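Hi there,

Here is the structure I promised to hand over, with its sequence. Have a look at it first, then read on for what turned up.

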Protein chains: 2
Amino acid sequence: MARKPTVYDVAREADVSIATVSRVLRTPEKVRPETRQTVLKAINLLGYLPSGSARSLAARRTNTIGLFLPNIDQLDQISDFELVTEDAADIVVDPPHAQENNLDSLYFDEVLRGCELESWRQGLSLMVSIGLKGKDGDIPQLINSMSEKVDGLIVLARSVPDNVLAFLRKRLPVVIIANAAISQESEFDLVRVSNRKGMYALVRHLFEKHQVRRMAYIAGTDDSPDNGKRYEGFCEGLRSEGLEPSASPIYRGQFSQSVAYQIATSLARQGTLPQALVCANDQMALGVLRALSDAGISVPDQVIVTGFDGIKEAAVSQPRLTTVRQPMVDLGRAAVSTLVRRLGSPEDPPISTELPVKVQLRESCEGTMI
Amino acid sequence: MARKPTVYDVAREADVSIATVSRVLRTPEKVRPETRQTVLKAINLLGYLPSGSARSLAARRTNTIGLFLPNIDQLDQISDFELVTEDAADIVVDPPHAQENNLDSLYFDEVLRGCELESWRQGLSLMVSIGLKGKDGDIPQLINSMSEKVDGLIVLARSVPDNVLAFLRKRLPVVIIANAAISQESEFDLVRVSNRKGMYALVRHLFEKHQVRRMAYIAGTDDSPDNGKRYEGFCEGLRSEGLEPSASPIYRGQFSQSVAYQIATSLARQGTLPQALVCANDQMALGVLRALSDAGISVPDQVIVTGFDGIKEAAVSQPRLTTVRQPMVDLGRAAVSTLVRRLGSPEDPPISTELPVKVQLRESCEGTMI
DNA sequence: TTGTAAGCGTTATCAC
DNA sequence: GTGATAACGCTTACAA
């Protein structure tokens with residue numbers, strides 16, 4: 001690889017000034033067609049590719065946005081990676097339930113996809129970074145190395161400590177996706193989904209179509225605003241039917257598949273299952289399904305189970321899971337869209353967007369559908 | 001947001017030269033501790049964040065690498081995105097098999113995860129971009145806008161046309177992940193998995209543990225080197241048992257779940273099912289499972305079904321799918337690792353790495369496992 | 001329409 | 001150890 005050609009090389013080759021070369025690239029209409037051709041020829045000849053750094057520096061914008069995703073459990077016990085070739089194929093038996101699938105990531109993946117998509121449509125590059133669980137010390141550094149290279153930042157809720165967020169906010173536009181804590185309500189651009197309404201609609205459905213009277217709630221982690229909103233919707237649903245929310249049991253599922261599995265197993269053993277188990281997310285609902293299946297309890301005949309999120313696994317489980325689907329891809333797109341608008345008008349008041357959800361009825365609630 | 005402070009501001013604040021400010025950041029040990037403190041104080045006071053563009057320009061490296069992913073079907077019919085708030089929750093019935101799940105992306109997601117992980121470990125930023133199906137015209141542009149901002153590129157096989165690849169190769173290091181065509185063998189850094197050995201090991205297992213004699217192959221697309229290698233392994237396995245490969249039927253599944261579904265349905269109807277259906281990827285195997293289930297045929301009692309890839313769905317299907325798992329995350333890590341090495345020594349001969357696969361035995365082959 | 005030249009905010013090479 | 005100062009490769013007034 002020879003030294004990369006620069007505007008100077010192209011200018012010399014085409015026998016014009018570097019300004020003209022730049023114009024051909026940026027504002028071709030301001031260059032005489034004839035000259036333009038000469039320059040383009042030179043560019044092709046030399047295989048010239050402008051330097052992004054130089055361009056960004058001069059233009060005072062990078063045309064790049066950053067996406068910061070929360071940590072992923074999996075990555076905690078990662079080891080150094082050795083680059084070794086080992087052409088081989090081991091055979092191993094993979095027993096059922098060998099390990100809890102890492103389902104968390106699916107959520108982010110779709111948001112990421114939406115960001116990619118919309119960034120592309122807007123002509124922006126996308127930089128991605130993940131946080132490392134339990135390594136909060138690294139996050140400021142991580143996010144710094146990203147911040148210096150982008151025009152704005154999209155952050156998945158609670159992937160970045162509040163103080164870091166506050167610092168960033170001063171230096172560049174930040175859009176937060178989902179469940180922002182109340183304190184951030186008025187300071188940041190926000191993109192969220194209708195958690196409360198979604199859960200409310202689901203509960204109403206259980207009343208109206210299935211005459212459910214006794215339902216239990218399997219909750220996520222306490223510090224999650226998402227969890228809070230969903231529970232609000234749950235309570236509101238109960239009240240709308242004249243039921244007292246405090247009379248419905250809550251179990252602490254921690255958003256975890258295995259914890260939910262244990263909860264459901266206990267309930268089954270004790271014979272204290274309600275008519276419906278309403279879970280704060282799909283992963284727990286899947287854990288519940290597995291537990292009930294293992295306990296020989298039929299869903300939905302004996303118990304109805306519902307989830308929240310709409311992850312892909314929920315569409316292929318046995319039985320398939322009734323859930324409230326978040327428009328994950330659209331979350332990503334909306335975030336980019338918001339950021340672009342913000343970059344265009346830095347001084348406007350914060351933009352807050354709430355995206356609609358969709359209650360998806362499937363067999364874990366409806367029984368056989370075909 | 002006030003104007004961002006620069007080295008000059010910091011220098012003035014700390015009453016030193018800009019060179020010293022730079023040194024505090026880059027080579028702190030070369031600065032007297034006392035001075036260092038003063039400068040750091042000024043940096044914090046002003047909330048100074050160095051400019052990535054300026055830094056990259058001066059240092060002649062961006063410390064960023066790019067990842068280019070193949071197009072995603074889904075994105076073809078994407079519409080413009082309107083940023084509208086619509087706080088709502090519709091209820092819809094989601095019938096089984098309503099749409100073919102977009103499973104392709106799962107593969108990339110894991111590779112991406114590996115790239116993120118290893119980039120982070122290496123102190124590099126990661127830029128991500130996707131190709132758009134049927135829009136090859138856009139790819140050069142896409143990849144250009146990325147190339148100018150990164151030190152090197154990782155490309156998932158066949159996401160970029162060969163000629164573009166050849167062009168890029170001249171300007172910056174390129175690492176190709178998976179199934180490179182033969183013509184690229186000697187020119188690019190390559191990271192792959194043991195496709196051939198994996199399929200061979202799987203077939204041997206079917207002979208040894210299950211006494212399968214008649215098996216059929218459901219192939220992927222013809223232009224996929226992955227598909228080719230896997231089929232090679234299949235044939236080799238047959239021969240090792242004294243069987244003639246040409247006597248085993250091949251069906252063209254196009255790597256598609258729905259096509260495989262149709263194939264299996266036909267076979268079931270005609271009563272021409274072999275003892276084992278060996279599929280070139282998991283998606284087709286899942287389609288086959290569904291078809292056999294719909295046809296009332298029991299797996300593995302009446303037919304054994306196997307896949308290839310190890311996508312997550314394969315671990316939760318009914319029955320769970322025996323497959324050859326590719327180390328997707330490691331593919332990403334290896335690619336980054338390779339790229340880093342290449343950046344360190346541009347003139348070394350191409351690096352080719354083959355990662356081991358793992359045959360995962362599950363119920364679609366073994367029957368009840370517990 | 002085209003050229004000149006002044007930045008853009010760093011890093012790095014010198015001297016001191 | 002520290003400070004001038006010249007790159008780095010581009011964009012963009014301002015002149016011509």
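This is a predicted model: local features need pLDDT of at least 70, side-chain atom pairs count only at pLDDT 80 or more; totals for chains, interfaces and linings use all residues.

In chain A, helix H10 (residues 257–270) packs against H11(A), with the two axes 7 Å apart and an angle of about 40° between them. The crossing in which H10(A) passes H11(A) is right-handed. On the H10(A) side, the contact is made by Gln257(A), Ala260(A), Tyr261(A), Ala264(A) and Thr265(A).

Next, a second pair of helices in chain A. The axes of helix H2 (residues 18–26) and helix H3 (residues 33–46) of chain A come within 10 Å and cross at roughly 90°. Because 65 to 115 degrees counts as roughly perpendicular, H2(A) and H3(A) are described as roughly perpendicular to each other. From H2(A), the residues in contact are Thr20(A), Val21(A), Val24(A) and Leu25(A). They meet Thr35(A), Arg36(A), Val39(A), Leu40(A) and Ile43(A) of H3(A). This contact has six nonpolar, two polar and one charged residues.

Now over to chain B. Here helix H1 (residues 7–14) and helix H3 (residues 33–46) have axes that come within 9 Å and cross at roughly 125°. H1(B) and H3(B) are therefore oblique to each other, and H1(B) passes H3(B) in a right-handed crossing. Asp9(B), Val10(B), Glu13(B) and Ala14(B) make the contact from H1(B), and among their partners on H3(B) are Thr38(B), Val39(B), Ala42(B) and Ile43(B). The contact residues divide into seven nonpolar, one polar and two charged.

There is also some space inside. How many cavities of 30 Å³ or more does the structure hold? It holds one, and the volume of the largest cavity is about 150 Å³. Its lining has 14 residues, and those nearest the centre are Ser56(A), Lys149(A), Ser53(B), Ser56(B) and Lys149(B). Helix H4 (52–59) of chain A and helix H4 (52–59) of chain B each supply at least two lining residues. By class, the lining has two nonpolar, ten polar and two charged residues.

Finally, a few backbone details. Most residues other than glycine have a negative phi, and most peptide bonds are trans. Which peptide bond in chain A is cis, with omega about 5°? The cis bond joins Val299(A) and Pro300(A), and Pro300(A) is found in the loop between helix H11 (282–294) and strand S10 (304–306) of chain A. In chain B, the bond from Val299(B) to Pro300(B) is cis, with omega near 5°. Pro300(B) lies in the loop between helix H11 (282–294) and strand S10 (304–306) of chain B. Asp309(A) is worth a look as well: although not a glycine, Asp309(A) has a positive phi of about 135°. You can find Asp309(A) in the loop between S10 and strand S11 (323–325) of chain A.

Definitions and conventions
Residues are numbered from 1 along each chain as its sequence is written. Chains are lettered from A and ligands numbered from 1 in the order in which they are written. Side-chain values use heavy atoms; hydrogens and water are left out. Axes are lines fitted to C-alpha atoms, for helices over the stretch in contact, and angles run from 0 to 180 degrees between N-to-C directions. Helices (H or I, at least four residues) and strands (E, at least two) are DSSP runs, numbered from the N terminus. Angles under 35 degrees count as roughly parallel, over 145 as roughly antiparallel, 65 to 115 as roughly perpendicular and the rest as oblique. A crossing is left-handed if the near helix is turned anticlockwise from the far one by less than a right angle, and right-handed if clockwise. Contact means heavy atoms within 4.5 Å. Ala, Val, Leu, Ile, Met, Phe, Trp, Tyr, Cys and Pro count as nonpolar, Asp, Glu, Lys and Arg as charged, and the others, Gly among them, as polar. On a 1 Å grid over the protein atoms alone, a cavity is a set of points where a 1.4 Å probe fits but cannot get out, and a pocket is an open set with protein on both sides within 12 Å along at least five of seven lines; lining residues have an atom within 4 Å of a point. Grid points are joined across faces, edges and corners, and a volume is the space filled by probe spheres set on the points.
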